[in-house]
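Please find below some notes on the model. They are set out as numbered points, to be read beside the coordinates.

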Amino acid sequence: MVSYVSAFLYGVGGILVAGMALLVAFQEKLVYVPVLPGLTKSYSITPARLRLLYEDVWLRSSDGVRLHAWFIKLLPECRGPTVLFFQENAGNIAHRLEMVRIMIQRLQCNVFMLSYRGYGASDGYPSQHGIAKDAQAALDHLSQRTDIDTSRIVVFGRSLGGAVGALLTKNNPDKVAALILENTFTSILDMAGVLLPFLKWFIGGTGSKGPKILNFLVRSPWSTIDIVGQINQPILFLSGLQDEMVPPSHMQMLYAKVASHNRECIFVEFPNGMHMDTWLAGGDHYWRTIQQFIGNHVPEIKEHESSHDDKVAAVKSSL
């Protein structure tokens, strides 16, 4: 009997050691995949290939890392909404250009595409703290531009990009007008058990029933479930029900977390949407959903309304 107990304890200990070794050695490689297998880190195409009007933007994050981005405009003097787009964890912004091309046409918007540190032409190595700084640098850049309507900045994040966007939106209530989340996870802590099932007994987010004894080893927890509840701006949740990477239940939990206090939240499901192709599978319904959300929550300010507000402000300041 004693030998069986010893064998069991050794087995559990072995799993713990193996889990710890995997987390310490490979967690960044599991969470961040700047280079897809068989491809290079460089951009396969640029917006020019799709005949899009764009500029290369070079930024510095607050810790000095040099970042690259594309700012793609609908028209030279477009004053429509500007979408700050954050991609998934794999590949680079060039792999999202076809989706963004359609986004610009359907939403009549500008799009700012940031390459996270370590991705595309950006320097550095990806981490949660670093990417959060990168996102802030991108938003600060947009907020200082004079060629866009800075009151109409919409953050749009897919998967990992949703975690990035949620944190940025929470931290900048005066700069971000609205948030769109697509196929985003509750946390990397919860995703660890999805990607490596044996880890779910030792790692988990706030809703996990496990002992969570290895949580301290996770350097990029991206706990979106703890962030969304602090967001007061309007949020649109886009969930592909055939998502093979992030369980759709994660999106439902995110919505439930925020809907109790934020009445400007909308949850929309796409029955045939997978992790990467919800925008394709959703078709016209997908784009109309986003159009309506932006139209309702990030409306265009008419010139005469803006002029009237300026006059009222001037009168008040003179009193």
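**Notes on the fold**

1. Helix α3 lies across β1, β2 (66–73), β3 (82–86), β4 (110–114) and β5, and runs at about 150° to β4. Contact here means heavy atoms within 4.5 Å. Axes are lines fitted to C-alpha atoms, for helices over the stretch in contact, and angles run from 0 to 180 degrees between N-to-C directions. Helices (H or I, at least four residues) and strands (E, at least two) are DSSP runs, numbered from the N terminus.

2. The basis of these notes is as follows. This is a predicted model, in which local features need pLDDT of at least 70 and side-chain atom pairs count only at pLDDT 80 or more, while totals for chains, interfaces and linings use all residues. Residues are numbered from 1 along each chain as its sequence is written, and side-chain values use heavy atoms, with hydrogens and water left out.

3. The eight strands form an open sheet with mixed pairing, in the order β1-β2-β4-β3-β5-β6-β7-β8. β1 (53–60) and β8 are the edge strands; each has a single partner, so one side of each is left without a neighbour in the sheet. From one strand to the next the twist averages 20°. Two strands count as paired if DSSP finds at least two bridges between them.

4. Strand β6 (residues 178–182) has five of its five residues buried, so it is largely enclosed by the rest of the structure. Both of its faces are covered, with A178, I180 and E182 buried on one side and L179 and L181 buried on the other. Buried is under 20% relative accessible area, exposed over 50%, and partly exposed in between (1.4 Å probe, protein chains only).

5. Which strands pair with β6? Strand β5 (residues 153–158) runs parallel to β6 and is joined to it by five bridges, with F156 opposite I180. Strand β7 (residues 235–240) is also parallel to β6, through four bridges. Here L179 stands opposite I235, and L181 opposite F237.

6. I131, A132, A135, Q136 and L139 of α3 meet V164, L167 and L168 of α4.

7. Helices α2 (residues 97–107) and α9 (residues 283–297) cross at roughly 55°, their axes coming within 10 Å. That makes α2 oblique to α9. Residues in the contact include M99, I102 and M103 of α2 and Y286, W287 and I290 of α9.

8. Is S260 buried or exposed? S260 is exposed, at a relative accessible area of 56%, and its place is in the loop between α7 (248–259) and β8 (265–270). The C-alpha atoms of S260 and G229 are separated by 8.8 Å, with the two residues 31 apart along the chain.

Terms used:
Parallel < 35°, antiparallel > 145°, perpendicular 65-115°, else oblique.
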